[in-house]
Amino acid sequence: MARYKKAYHPLSGMSLLEFQNKYGTEEACERVLFRHKWPEGYICPKCGNKTYYKVRCRRHPMLECKVCGHQESPIKGTAFENSKLPLVKLFLACFFIAETKSSISAVALAQYISVSIKTARNLLRKFRTIMIEADSHYKLSDKIVLDEGFFGAPKSGKRGRGTAKIKALFAVQYEPYKGHNVPLRIAIEKIPDFSGNSFKAFADKNVESGSILVADGYSTYNCLSKNYTVISITDTSSDEANPLKLVHLFISNVKAMFQGTFHGLGDKRVQGYFSEFAYRFNRRDSKTPIVEHLLRSCVREGYTTVPELCI
Ligand SMILES: [Zn+2]
């Protein structure tokens, strides 16, 4: 792999004013849906023809195939289909979840875009589901450091790996560079326990086989040695070159996000928060603002795999 040359820089992002200038009308939003749905230009989903008439008969324009007469709206099959909210509001919700660096609560989103808290909660659920789907197409590879994290208030008095807190595995793909480790991509998943089966399921889903896995001396990591090279390090120093320091930093950052943004941590929803954090981090070096990535994911993931959620 090429050496990491870029400096580690903060999120560039897009300002609210810029976003409003770009996507402040229904027509501008519709153009984005069209572009992401048909990146090579319109193709009739029924007959493959590439020419259409534009018919505006309802809220959104319909495109009618010039050959077979099939009608389809650019919104059909996307995450925004069936929503009663105008596209400008849905796009604005995308902006807030994508560009707020430490996530956003349903209460805050409801206030920012003038919807009920229930609607804001459903929107956030939907966008987080899309983020999970979008990152499921990628796997970490090469050098990866792993560690476990515990979140939320414990339901019993046990500490350490036997705790009743929410358990998660963190994996950080990194590259050593000038005496420290640069994080490239991350994956975070809630796991039911710290058994070999849970570790294997996590690794199969998130890590290319043949990668080098670095972890602390916890013996369960050895169950991954069939498909990966597992390196145990017992060095707990805070030296910059210690990869464990890197993964500990991510665990602390996610804990800080939970403390700062959410009151109470629901077991059911926590994967969405982890995936949102990872989605944002994994696109931080892109020249494209994260909200643009999310808008594209809303069309592409929504079009294929995401089950319909009421928004
Ligand atoms: Zn057609």
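This is a predicted model: local features need pLDDT of at least 70, side-chain atom pairs count only at pLDDT 80 or more; totals for chains, interfaces and linings use all residues.
Started with Glu81, which I found in the loop between β3 (71-72) and α3.

Leaving out neighbours within four places in sequence, I get Ile75 and Lys76 as contacts of Glu81. I also checked Glu81 against Gly302: the two sit 221 residues apart in sequence, yet their C-alpha atoms are 8.9 Å apart.

Next, the overall tally. I have 9 helices and 8 strands for the protein. Of its 311 residues, 34% count as buried. I then looked at contacts with a separation of 6 or more, and 61% of them join residues 24 or more positions apart.

Then the core. The largest nonpolar core holds 67 residues, and Cys94, Leu146, Phe170, Ala171 and Val172 have the most contacts inside it. Which helix gives the most to this core? I find helix α3 (residues 87-99), with 10 residues. Both domain 1 (16-135 + 298-308) and domain 2 (143-287) give residues to the core, so I place it between them.

Skipping residues up to four places away in sequence, Ala171 touches Leu140, Ile144, Leu146, Ile186, Ala187, Asn206 and Val207.

On to helix packing, starting with α3 again. Helix α2 (residues 26-37) packs against α3 at an angle of about 65 degrees, and the axes are 8 Å apart. I therefore log α2 as roughly perpendicular to α3. On the α2 side I see Glu26, Cys29 and Glu30 making the contact, and on the α3 side Leu87, Val88 and Phe91. The crossing of α2 past α3 is left-handed.

α5 passes α8 in a left-handed crossing. From α5, the residues I list at this contact are Arg125, Arg128, Thr129, Met131, Ile132, Ala134 and Asp135. They meet Gln271, Gly272, Ser275, Glu276, Ala278, Tyr279 and Asn282 in α8.

Definitions and conventions: Residues are numbered from 1 along each chain as its sequence is written. A nonpolar core is a set of buried Ala, Val, Leu, Ile, Met, Phe, Trp, Tyr and Cys residues joined through C-beta atoms within 7 Å. A residue is buried if 20 or more other C-beta atoms lie within 10 Å of its own, exposed if 12 or fewer, and partly exposed in between; C-beta atoms are placed from the backbone. Helices (H or I, at least four residues) and strands (E, at least two) are DSSP runs, numbered from the N terminus. Domain bounds come from an automatic or database domain assignment. Two residues are in contact if their C-beta atoms, placed from the backbone, lie within 7 Å. A crossing is left-handed if the near helix is turned anticlockwise from the far one by less than a right angle, and right-handed if clockwise. Axes are lines fitted to C-alpha atoms, for helices over the stretch in contact, and angles run from 0 to 180 degrees between N-to-C directions. Angles under 35 degrees count as roughly parallel, over 145 as roughly antiparallel, 65 to 115 as roughly perpendicular and the rest as oblique.
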